[in-house]
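Reader: I've got this model open and would like to go through its strands and sheets with you. Shall we take it piece by piece?

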Amino acid sequence: MPGSQLNAVEKKLADRWDASKDTFGYLRGVKVEPGDVSVPAPGIRGIANVDLRLRYPVTVLVGPNGAGKTTLLNLCSLAFHSEDPKQTFKFSEFFFSTAEEKAPTNLRITWTYGTEKQGGRAQTTMKRMELRKWMTYSRRPTKPSYFIGIGRIVPPTQSGPSRRALASSGKPDRVFKDDDWVSEQMSAIFNRKYSGTEMAEKSAYRVGQIKRGPETKYSSFNMGTGEIAVWRMLRRLSTAPKNSLVAIEEVELGIHQSAQAAIAQTLVRAADKFSLQIVTTSHAREFIDNLPRRSRILVEPEGITTRRCSVEVTTRLAQTTLMGRHESNHELLIVCEDDLAEALIQEFLTRDERKRVKIVPFGAKNQLVKTALDLHKNQPKLPILIAWDGETTDKEIRDAVSSVGTTEPVQSFFNSGLLSWTRLGSETIMQSGYQHKPEVDAPEPMICSTLLSETADLGGLADQFGTTEHELRAFLENSGLEFPDKHSFFYEISLRMALAPEVVRAGIVHAFVQTLVGSGEEIPLVTSVRRALGATRNPVEWPSSPKKGEATSS
């Protein structure tokens with residue numbers, strides 16, 4: 001599944017972020033709320049309530065136009081202070097009001113940062129109740145901050161003074177050679193060789209120059225839009241001081257989709273090589289698909305002045321955003337965690353049942369109840385089934401339920417009979433008191449252990465993959481030891497079998513489901529789907545808290 005399997009550099013960045021002592025001083029979150037809840041708050045660009053929590057050194061904000069992605073990107077850029085005016089920003093540089101516009105008031109904005117203290121966090125809060133300056137900027141932590149806006153795609157040919165200053169008859173005053181990393185990344189992004197890049201300066205005007213071999217050299221007057229955009233972005237990343245925050249607006253602008261996947265990995269490598277924190281916005285599937293899941297944050301409107309930020313979303317959900325995107329001719333919505341869960345659900349159901357349901361792979365398991373609530377607001381008469389992965393504990397489900405609160409609309413939905421839940425796997429995982437374990441009940445290890453059982457037709461699967469039963473069995477038996485990251489399971493077996501990962505996953509999922517169904521066990525998912533498609537409607541029953549002395553599913 002895209003974004004689940006981390007490469008070596010992505011894992012390195014994850015370890016940096018998760019370290020108990022944050023030596024990089026990462027920006028961890030931005031929160032906007034009314035300064036006085038008893039007074040109406042017009043918000044900043046219409047946003048009065050949002051809680052953005054970053055989870056990785058590279059973050060991509062996705063969502064529909066008008067959701068507030070750029071506003072949050074601007075607020076991230078305002079998190080730090082530097083004495084160098086080129087490395088710091090003031091509110092007026094992003095948020096400006098004309099005489100006819102109402103300036104933002106009654107706002108509290110809080111930035112949260114990591115510290116070198118064990119598990120420590122620091123905060124800076126700005127409160128603006130009336131029309132006055134935003135804050136004392138020196139209160140912010142000291143760190144360079146850069147904003148790469150959409151102006152990067154504008155070619156210098158549109159500037160008459162630049163053309164006159166850097167005409168063919170005039171030589172530049174100075175030339176600054178770029179780090180070799182810039183040309184290396186451009187070669188990887190555009191799939192053609194660049195031997196060097198540099199910036200030429202004359203008077204107050206600057207222009208990029210690209211070398212493609214000993215005889216080919218041209219300036220940004222003659223570059224394509226994509227080359228200009230990428231060169232300017234890479235140059236900023238390579239020259240930013242260590243530990244800088246770099247914000248990039250609409251990263252895919254001017255770049256063909258064939259190069260967008262490479263851009264994603266370039267940002268990951270830049271964050272590692274130059275010790276940067278990078279925050280960007282995007283609508284491009286190819287770009288989003290090639291970043292770790294924990295990089296992705298979906299920003300969506302929730303009411304008029306509130307924005308909801310959902311983390312670790314699947315690429316498809318990040319691209320389309322779930323609000324209003326689900327066909328009304330379906331009889332049931334099934335909310336699950338990811339693409340593997342979706343594949344399992346499809347395989348368990350009959351052809352007729354698949355026609356009647358819509359599966360929504362969302363992402364983080366602690367967000368599934370919130371997702372169901374959002375879907376219910378959009379289609380209030382449609383039944384919704386939450387299908388958690390098998391390792392999800394009763395406590396995790398109770399916590400997800402608690403996170404949505406106890407307001408009247410929430411309780412009304414819970415009591416409507418339109419919401420139900422289940423887990424993916426055998427009937428055992430739904431038994432009261434069962435001890436759920438990721439190393440046993442997560443989809444990948446559950447699939448592996450089932451295929452190694454005596455009832456599985458491993459020979460048939462081996463024939464399908466063009467290998468021997470002995471070789472396939474050996475791989476399955478050792479997969480947990482060789483690949484402790486369960487998300488790499490299908491990818492690694494695809495490498496062994498020289499088959500596409502999607503072919504391997506389809507074959508394994510089919511064999512797993514056939515084995516489980518053939519065992520005669522009741523399949524909780526199937527039972528739940530058929531009940532939800534029927535006429536019976538009962539209030540949802542969540543896992544109850546264990547009594548003292550009882551075993552817990554935690």
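Reader: How many bridges join strand 8 to strand 9?

Author: This is a predicted model, where local features need pLDDT of at least 70, side-chain atom pairs count only at pLDDT 80 or more, and totals for chains, interfaces and linings use all residues. Residues are numbered from 1 along each chain as its sequence is written, and side-chain values use heavy atoms, with hydrogens and water left out. Strands here are DSSP runs of E, at least two residues, numbered from the N terminus, and two of them pair if DSSP finds at least two bridges between them. Strand 8 and strand 9 (residues 205–211) run antiparallel, and the bridges joining them number seven.

Reader: Which residue takes a positive phi in that hairpin?

Author: The hairpin of strand 8 and strand 9 has two residues between the strands. A positive phi near 55 degrees turns up there, at Ser203.

Reader: What is the bridge partner of Val175 in strand 8?

Author: Strand 8 also pairs with strand 7 (residues 174–177), antiparallel and over four bridges. For Val175, the partner in strand 8 is Ala200.

Reader: How many residues of strand 8 are buried?

Author: Buried means under 20% relative accessible area, with a 1.4 Å probe and protein chains only. Strand 8 covers residues 196–202 and is mostly covered. Of its seven residues, the buried ones number six.

Reader: Which strands stand at the edges of the six-strand sheet?

Author: That open sheet has the order 6-11-12-3-13-14, with mixed pairing.

Reader: What is the bridge partner of Ile248 in strand 12?

Author: Strand 11 (residues 245–248) pairs with strand 12 (residues 277–281) in the parallel sense, over four bridges. Across that pairing, the partner of Ile248 is Thr280.

Reader: Why does Pro34 count as buried?

Author: Pro34 is found in strand 1 (residues 27–34). Contact means heavy atoms within 4.5 Å, and leaving out residues up to four places away in sequence, Pro34 touches Ala41, Ala48, Asn49, Asn106 and Arg108. Pro34 counts as buried because its relative accessible area is 14%.

Reader: And what share of the protein chain counts as buried?

Author: The chain has 554 residues, with 20 helices (runs of H or I, at least four residues) and 18 strands. The share of residues that count as buried is 54%.

Terms used. Buried means under 20% relative accessible area, exposed over 50%, partly exposed in between (1.4 Å probe, protein chains only).
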